[in-house]
Structures are given as C-alpha cells and as structure tokens.
Amino acid sequence: MNIFATEFILGHLNYWLFIILMMTGLYIVISKGNLVKKIVGLNIFQTSVFMFYISMGKVSGGTAPIFPLDGVYDPSIAYSNPLPHVLILTAIVVGIATTSLGLALIIRIREEYHSIEEEHITILEDTVFQTENLPLDGKGGSI
Amino acid sequence: MATQTVHHAAMTLTEHLPILQVLIPFITAPLIVFVGRRELAWPLAFIASFTSFVIACLLLSKVIGGGVISYKIGGWAPPLGIEYRVDAANAFVLFLVTGISTLVLPYARESVSSEMPERTQTLFYALFLLCLTGLLGVTTTADAFNVFVFLEISSLSTYVLIAQGSYRDKRALTAAFNYLIMGTIGATFFVIGLGFLYMATGTLNMADLADRLSGQYDSRTVRAGFAFILVGMGLKVAIFPLHLWLPNAYTYAPSAVTTFLAATATKVAIYVLLRFIFSVFQPEFLLETSALEIIFYPFALLAMFAASFTAIFQRDLKRMLAYSSIAQIGYMLLGVALLSETGLMAAIIHLFNHGITKAALFMGVGAYVLRSGGSFYIHLQGLGKTMPWTSAATVIGGISLIGVPGTAGFLSKWLLVQAALEQGYWPLAILIVASSLLAVIYVWRLIEILYLSTPTSEKVVQEAPLSMLLPLWLMAIACIYFGFETDITMGAAKAAAQALLSGSSGMMN
C-alpha cells in the first residue's frame, strides 16, 4: 500500500479532510491564549468529528434515506446509512450547549479578571497563589 | 379482573426500575426550576436522590447473585434499540453514586447557603440532579453512543457546578473553563473512537460490538478506535498525565460539589473504562496490543508516586486531597492492569472504598471552610480542640486513606498487594506499600496541624452544624464498617469482577 498514491489520497478524501480539520481545531485550542479563540478551535475540532460521522454513513451510489411517500419500497435503490447522521444530530446539540456554556463562562471571567487573555489571567492567578501559599509561620492562607 | 390489573401494574413498575432511577432525577431537575421556590428545591432534590438510592439497592439485591437485568427502551429490542443493562458491576457503582448523592444533599444544605447567593441556590439543586442523571445513565446503559450522551449531560452540569465556587474564589471560573476545554476534548475523542468501532462493526450495542469485534483485533481501525476511547475516557478519569484539570476544579468548586465529584464522577469514568476494556474488548486484546506495559503500569505507578509526592507539599487541605485522588486512581488502574480476578476485585473495591473515604474527607473540609473561612492549613491550626467531632471524623477518613488495618482503605490495598503477589510481581507489592507511606506523611501533617498546633487567630471557632456532622459521621463510620464487614463489598466486587471478566459471553445471554 503506497500512501502517496493518488488513488489512496483521493479514495480517502473525506478522512484527509477530517484529519486536517481536527488537527486545525486542536492546534487552535492548544496554541491560542485568547479564550474565545479556544472555543472557536474547540468548535472546529467538534465539527470535524461531525463530518467524519456523516461521510461514514455515505453509501456509494446511495441516495438520501427517505422512505418513499407512496409506501412502495423499491429494493433496487441504494440508501445511505441514516444512523450516523442521527447520532450526529445529538452531538451537534451537545456541541451547541458546550459552546454556549463556554462563552457564558468567558463573560463571567471577563467580569472578574477584566481580561480574556490566558497570559494575563495566569499572571493574576499566580500572584494570588504565591501570597496564599507562604509558609505557615508567615501570613499565608488569606483569601 | 381488578386485582389482575393491579398485579400487572406492579409487575411493570419493577420491570421499569433500570430506567426509572435515571428518569426520576432527570424529571425532578426541571421540576425544581419550574416550581422555582428555594425552600422546595432541597426537599425535591433529596426525595429524587433517595428514590434513586432505593431503586439502586433493589437492583443490586437482584443482580448480586450473578443475574442480569436487560431493559429495552421503548420496547425496541437490542441491538437496534437502546438497551439498559444492569449486572453486578454497574449495580455496585449505582449503589455508590446514589448513596453518596443522598448523603451529600443533606450536607449541602448548610454548605451551599453559606457559599452561594440565594438566587442561584434553586438552580444549584436542579444542576446537581442533572449531574446525577448523567452519571446514572452512563452507568446503566449498554449502548456505546448513549454513554457519550449521558457523559455530556453530567459533564456540562459539572462545569456549571464547579463555576458556582466563583462566589468564594474567582479562580473557580477558570478552573471550570479549563475543565470544559479538556472534558470536551476527552468526550470528542471518545466519540471518534466509537466512530471507528462503528465503521468496523456497524453496531453500537455493547454486547453486539463485543461479538463482532472478536474476529478483528488486528484491524487498524479497531485499534485506533480503542486508543481514542482510552485517551478520551482517560481524560475523564484523570489518569496521571491527563489529570491537569482536576486539582483546580476540586480546589475551587463549592465544598458540596467537590465531595460529590470526588466520590462519584471519576469512579463512573473508571467503570466505563472497565466496561470497554473487559466487555466490549477482551483482555486478550489488551495483551496483544501491549497497552498494559506501555500505558497502564507506568502511568499507574507515576500517579501513585508523583501525585502523592505533590500532595505532601500542598498548603491547602482541599488541594492536597485533590492530588491524593489522582494518586488513588493509580491504584485502581494498577488493579485493572493485573488482569486477574483478584486485581479487578481490588480495583472495584478500591473504587468504592476510596469513594466513601474521599467523601468523608471532603465533607470535613467543607465544615472547616464554613466555620473557619478557609481550607488552608493556617485556617485549620488547632481546630482539633474547637471542632472535635469534625476533626475526629476527618482523621478517620485520613486513616482509611492511608490504608491502616481496620478501615475500608486497608481492605482494597491488601487485595491489590495480594493480586500483585499472585502474579509474582513482588516489586509491585513493595511499590504499593511504599506509596502508601507517602500518604502517611500527608495525613500525619493534617493531624499535626489539627491537634498539635495552636490557633493563630483569636477568632472563636464553633463546631459544625448537625446537618453536616451527621452525613460526615455516617461516611466516617462507613469507612470503618466496610473495613470489618467485608461480606457486602467483597461479595459485590467478586460478582462484579466475574461479570466483567465473563466479557461478551456474559453479556449475550
């Protein structure tokens, strides 16, 4: 199996796109210090998984899995697998809930820290952390 | 005719127990929000949790002999429909989760009203029940995708519950945010793994998955799927290098939330891991991929030592206990890695014993926070004299954490050492004892601060209220009770280990 063969690359196009999107999303989550950008990265990461599932359900030559209105089933028609699509509906709902909760948390963080940059927040937290972790005979432990 | 109908109704109710115990907290949560009255929120939450606990006891008594209850949701038969399946392994976890939540709720009342403003307290109880729903759902379901859905229900409510600590310390917000990022990555990894398994098998029912996977352990798709599931769940379990969300989340969350999470959330995640390793995949698959040598042993040992060592140098009791939790997860992982019935029993018993031990300890912390204003060691100096009941119970928890004979913690560590010796891994047994000595150091430090130092402030500290002392002491007594009365835990763990080890053959009947 030659992984550089055009056939291999084109034949697995959906997986390549999934991997590229997934890695883009993960990279943004890890590398960006801005909390909103982190949430955007997380969204891209989740979307890549949605696309992975949806493309997985595709049957070559298959049409949309809608039962004919007249109720007559024609066995010669191939249908795509609807189950992964339905699963992803649930995952999309979960993704929306996560995003909105993340954004709500960012609003509260901005109210308390007056910043949504991770480095500013870390500096603020480290200063507090060091003062409260002084040795027992010092003035440590005040909140 | 009439008697027959009544009889029929009673029959159906018992048949519906597996779904009822998930549904009752699930329906009560929005009910609390709609009723909207603060004084009714707590009783409703307690009734729901207590009902679930009674159901969990009923289920455990039914399956402890080795039986299996299968419930088809909506009457759709598996593998197409979603199946709920209760065997000894998950009934035991259900018993722990509902038991802890039923004891944490009375405790939470005083703690929550001192740590949170009045307007959020009603919503707190609703979220607590949603979190409970998620954990119970994850434990009961036999459908792999359903695990993800319930996992996210519990995770999303957990993030909000942790953020409620922001009224005491604003760092709860960043702790919740970081957990949200890592938890979502973990859950998404889990879904990717399920996607790979679905590609290879075309099914999501666990028993069906096990059946169809058994022939294709060489497949790269299946192996990639296993790796994604392991890492995804590992984030939720807080396996050593994936634990970074845990210390801050536990430290800054409200005391009642920390108690509940420490005793249940990671335990349920470990259960899912066990279920996937032993029921969906078979132990042979683990041996084939050498996942044990590369992942389980080194990271379990690292957790036991590195996390215990970090715990020694903490100055905040809550943070110290959080690190100790990471170390304890190492013991459970080690039990799994030994791949024997004794090892698995040790892991399951430790899961239960550590749940009640940590619940007792974190309840003690919550009482100190309420009365002395903080959980730093400087706040706790000399409290052994002013809060004798709280301190005594906390110390009992600490002793059980070390694993002193006569406490619950001893039983599980003893079993773990036995399991290691059974396989001839005596260096492992020495390492288990050595890491327990690290626990002696940090627990002794706590005792020293509570009893042997003089308070720095002149503030007169009162004993904790009875509503907190009672659950705390129940937990402390449980720590001792389960150290002597071993029939219940050993019996349940043995049945659970056998249910898990019988793998797919046990699931297919």
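Colleague: Where does Gly62(A) sit?

Modeller: Gly62(A) is in the loop between helix H3 (35–56) and helix H4 (82–113) of chain A, where helices (H or I, at least four residues) and strands (E, at least two) are DSSP runs numbered from the N terminus. Please bear in mind that this is a predicted model, in which local features need pLDDT of at least 70 and side-chain atom pairs count only at pLDDT 80 or more, while totals for chains, interfaces and linings use all residues. As for the labels, residues are numbered from 1 along each chain as its sequence is written, and chains are lettered from A and ligands numbered from 1 in the order in which they are written.

Colleague: Is Gly62(A) buried, exposed or partly exposed?

Modeller: Gly62(A) counts as partly exposed because 13 other C-beta atoms lie within 10 Å; with C-beta atoms placed from the backbone, buried needs 20 or more others within 10 Å, exposed means 12 or fewer, and partly exposed is in between.

Colleague: And which residues is Gly62(A) in contact with?

Modeller: Leaving aside neighbours within four places in sequence, Gly62(A) is in contact with Ala78(A), Tyr79(A) and Ser80(A), a contact being two C-beta atoms, placed from the backbone, within 7 Å.

Colleague: What is the radius of gyration of chain A, against a compact globule?

Modeller: Chain A has 24 Å, whereas a compact globule of 143 residues would be near 15 Å; the radius is taken over C-alpha atoms, and the globule rule is 2.2 Å times the number of residues to the power 0.38. The C-alpha trace of chain A spans about 80 × 45 × 25 Å along its principal axes, chain A has 5 helices and 0 strands, and 21% of its 143 residues count as buried.

Colleague: How many residues does each chain bring to the contact between them?

Modeller: Chain B gives 30 residues and chain A gives 31. On the side of chain B that touches chain A, the elements giving two or more residues are helix H6 (144–163), helix H7 (171–201) and helix H16 (377–380) of chain B, and H7(B) gives the most, with 14 residues. That side of chain B divides into 18 nonpolar, 7 polar and 5 charged residues, with Ala, Val, Leu, Ile, Met, Phe, Trp, Tyr, Cys and Pro as nonpolar, Asp, Glu, Lys and Arg as charged, and the others, Gly among them, as polar.

Colleague: Why call H6(B) enclosed?

Modeller: Because 20 of the 20 residues of H6(B) are buried, that helix is largely enclosed by the rest of the structure.

Colleague: What about the largest nonpolar core?

Modeller: The largest nonpolar core has 228 residues, and those with the most contacts inside it include Phe92(B), Ile162(B) and Met475(B); such a core is a set of buried Ala, Val, Leu, Ile, Met, Phe, Trp, Tyr and Cys residues joined through C-beta atoms within 7 Å. The largest share of this core, 19 residues, comes from H7(B). Leaving aside neighbours within four places in sequence, Met475(B) is in contact with Leu103(B), Ile356(B), Ala359(B), Ala360(B) and Met363(B).

Colleague: Which peptide bond is cis?

Modeller: The bond from Pro78(B) to Pro79(B) is cis, with omega near 5°, and Pro79(B) lies in the loop between strand E1 (69–72) and strand E2 (83–86) of chain B.

Colleague: And what is the phi of Ala238(B)?

Modeller: Ala238(B) has a positive phi of about 70° although it is not a glycine, and its place is in the loop between helix H9 (220–237) and helix H10 (246–252) of chain B. Ala238(B) counts as buried because it has 27 C-beta neighbours inside 10 Å.
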